[in-house]
Amino acid sequence: MGDMANSSIEFHPKPQQQREAPHAGGFGCTLAELRSLMELRGAEALQKVQEAYGDVSGLCRRLKTSPTEGLANNANDLEKRRQIYGQNFIPPKQPKTFLQLVWEALQDVTLIILEVAAIVSLGLSFYAPPGEESEAKKQDGAVAMEMQPLKSAEGGETEEREKKKASVPKKEKSVLQGKLTKLAVQIGKAGLVMSAITVIILVLYFVIETFVVDGRVWLAECTPVYVQYFVKFFIIGVTVLVVAVPEGLPLAVTISLAYSVKKMMRDNNLVRHLDACETMGNATAICSDKTGTLTTNRMTVVQSYLGDTHYKEVPAPSTLTPKILDLLVHAISINSAYTTKILPPEKEGALPRQVGNKTECALLGFVLDLKRDFQPVREQIPEDKLHKVYTFNSVRKSMSTVIRMPDGGFRLFSKGASEILLKKCTNILNSNGEPRGFRPRDRDDMVKKIIEPMACDGLRTICIAYRDFPAAQEPDWDNENEVVGDLTCIAVVGIEDPVRPEVPEAIRKCQRAGITVRMVTGDNINTARAIAAKCGIIQPGEDFLCLEGKEFNRRIRNEKGEIEQERLDKVWPKLRVLARSSPTDKHTLVKGIIDSSTGEQRQVVAVTGDGTNDGPALKKADVGFAMGIAGTDVAKEASDIILTDDNFTSIVKAVMWGRNVYDSISKFLQFQLTVNVVAVIVAFTGACITQDSPLKAVQMLWVNLIMDTFASLALATEPPTESLLLRKPYGRDKPLISRTMMKNILGHAVYQLTIIFTLLFVGELFFDIDSGRNAPLHSPPSEHYTIIFNTFVMMQLFNEINARKIHGERNVFHGIFSNPIFCTIVLGTFAIQIVIVQFGGKPFSCCPLSTEQWLWCLFVGVGELVWGQVIATIPTSQLKCLKEAGHGPGKDEMTDEELAEGEEEIDHAERELRRGQILWFRGLNRIQTQMEVVSTFKRSGSFQGAVRRRSSVLSQLHDVTNLSTPTHVILSAANPTSAAGSES
């Protein structure tokens, strides 16, 4: 039955077929008929059921099931139903095969250029013209291939994006993804310029030296040799381009996100969409429910109004007349979901367990406190004997149930928001349990003397009422407004839902971190305002707005009832509490904040929700939080993160982890771009001046391992600290590489280049060793170039410690021992470096160094830490020439999918999951590839050009009618408003 909603089969039942005709394997209804029914809604569906089966009970009889008990737990029967109707299961999409993933990875333009160059070079290496064998031997046939994720940050292939452009919602491309995309383009352009200059210089140098200085003539038989030279220059140029790109960035992003996801689970955040982690770090606004999120969601009745008396605690049963007590017990026991129960505590001394709706649990607990039991009442009137049930609705804020009385009449029990339900009451029970008139003036007095004081004590007020219908005048049960009217009030109760003790501090952290917290609740305005004051959402002396849903809509809609963004922009900046709101109001608020252009940058909004109707708001938000305990499956499917403990403090932890992801990526960028700048300049200079690189191929591969795999693992696993909440959100336009980071990158690059070029050109004099420059092709490794390689690695190791701080902090060792992964990687890399230098031999182009030479290499490496302190001393504000990099895309640069309204809010959970799996797979595959290359070099011995491969990262209600009480408040410190509780 999983695909019945997509069926187009029509079913035309015959009215006379009221008798059950056994077909479809003994059942009276075929799969085609059920599919046809599923396509209908509302009155049309009801009519179809009545025409074909008489009523719902008739359909149940055909299907041999019970409307109250469901299917019997009979294995044979269940298997038979599966055979006939299929499983109620949506099969997952088939994942792409390994070959499909490889083919997608091969579509990169840079990789295609590398492949063509490799094939041409390899082909020409097999051809040696007569007398030119020695020239041909210089060409390298061994080509190492390492896949490079050059366009990782773009989130997928261009073709994929074009296909999805019309339907991709805004959250498809996160803030960090946009910045990484722009940064990748900037780096790519810079690398392309450097590679072009390298090729041009090499070609000109060769042509001038060969045909001008040496005076040679281009001979036809020498053409393959000359072509080999040009291909060699081309490969060197493309190698410079590849070296310029931070190829380890996708792995760093993946490791950081995956590590954060795992750790966030311990902090009660179950992440469904990977990019939600870093998006949460940029959040500027949180729209939170109240019940269960800001409060404990363990409700109890603490005040009541019964028989003209206001009880400030649970009354003794003896003080109530039997009639009032009996009506109250029946009204609560019957007019609530039968699945809602109070169960005995699991442990001795613990509180009774509340199962089901918490408000109803509070009322059932009230019955138990009155020394009565709700279960015998339910057994006397089972659920299938209920005549009519009007379930709770977010518009009418009430629930009603009709039962048949022994005399043939009917009795309706109703409960709901007190100020709404009291308007439908025309009578109220007096102290003797007899109805007396309840005029509008009496209602106003009751609101003022009973309900408002309860609300100001932070209580949710619920009215409980009933109405009798004589047997002779059965009403039209479909006309709910007429049925639920002319009620008699039994009681008004005040339900306490205490604020979680940790919430006020969590909200203070949010406010200190530049995040505005708003409460969106279905409760009374006074209760909501009181809870907001207790939580710290509203502060004495602040200028803020507390509105009810009806007033909110009046302010943001024009005369035609249409929402105007300009009107909304006048409301939301000061709005802190939205009470008596519907799910549509929540969606309208979230959309209005996101679409607003009043501020310097777009707001990044997080939203909490637990109900099915919260789905649109959760989808629209940049990050949607669903409640793991109280949340419905629909809400969870629409969310990005599930709060497994339904606690607001878990959202604050998500903010910390999100900011930590962003900083981890920045740390890695600072480290790797320093290495890239140095590597590009060294490769460029070495190719143009010495016609050779001081860093050999396998050595560069090892450096690649250090700066890609190991560095991403070390820097991307830094744990978050409370200090992350002491700054404002970075925002969408904040560059990934700040001016301070740019100062660090260029400053350390200057130090490293100075050391390397000094060692390259005068190092042999300093150490009194033979020069490694212009050595013959197959000469053994030299001490000279081994010292350069070892010094370069030592500088990277100590600069990795510097890279832990990106905001100009001086103490780069702060908290270093709290990250054992970092310490292990640094020490492990150092140990492997010793083995490579001392025992690597020819495969690694190394020869053993003496103790004195090792100490000098370490001394220069430690100098990175000292030089880092020198750089930190230079004020960034004085370096006006420095520019930032990696800005978020501006409004003019936004793509169609980013500007789309996202009206088709589709769920990307499966694609995001697959994307995370693919990222992990490719990270591991990358390590395997690099190890294979090392093995290749151990077996072969010569190497000239490095060709790299790319590993691409895939991408993957009209409810507005509520009571209005606008409140534009400035609390004074001397008289803060207090209150609490309400329905979220």
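## The whole protein

The model is predicted. The protein has 984 residues, and 54% of them count as buried. Its secondary structure comes to 33 helices and 22 strands.

The accessible surface of the protein is about 44100 Å². Carbon and sulfur atoms account for 58% of that surface.

## Helix H17

Helix H17 covers residues 440-456, which makes 17 residues. From first C-alpha to last, H17 reaches 22 Å. That is close to the 24 Å expected at 1.5 Å a residue. Where does H17 bend? The bend is at Val447 and comes to about 40°.

Several residues of H17 are buried: Asp442, Arg443, Met446, Ile450, Ile451, Met454 and Ala455. Gly458 follows H17. The phi of Gly458 is positive, near 80°.

## Helices H29 and H30

Helix H29 spans residues 783-802, and helix H30 spans residues 820-839. The two helices pack with their axes 11 Å apart. The angle between them is about 175°. Angles over 145 degrees count as roughly antiparallel, so H29 and H30 are roughly antiparallel to each other.

Which residues make the contact? On H29 they are Thr786, Phe789, Asn790, Val793, Met794, Leu797, Glu800 and Ile801. On H30 they are Phe822, Ile825, Val826, Thr829, Phe830, Gln833, Ile836 and Val837.

Methods:
Residues are numbered from 1 along each chain as its sequence is written. This is a predicted model: local features need pLDDT of at least 70, side-chain atom pairs count only at pLDDT 80 or more; totals for chains, interfaces and linings use all residues. Side-chain values use heavy atoms; hydrogens and water are left out. Helices (H or I, at least four residues) and strands (E, at least two) are DSSP runs, numbered from the N terminus. The expected span of a helix is 1.5 Å times one less than its number of residues. The bend at a residue is the angle between axes fitted to the seven residues ending there and the seven starting there. Buried means under 20% relative accessible area, exposed over 50%, partly exposed in between (1.4 Å probe, protein chains only). Accessible areas come from the Shrake-Rupley method with a 1.4 Å probe; for residues, only the protein chains shown count as cover. Axes are lines fitted to C-alpha atoms, for helices over the stretch in contact, and angles run from 0 to 180 degrees between N-to-C directions. Angles under 35 degrees count as roughly parallel, over 145 as roughly antiparallel, 65 to 115 as roughly perpendicular and the rest as oblique. Contact means heavy atoms within 4.5 Å.
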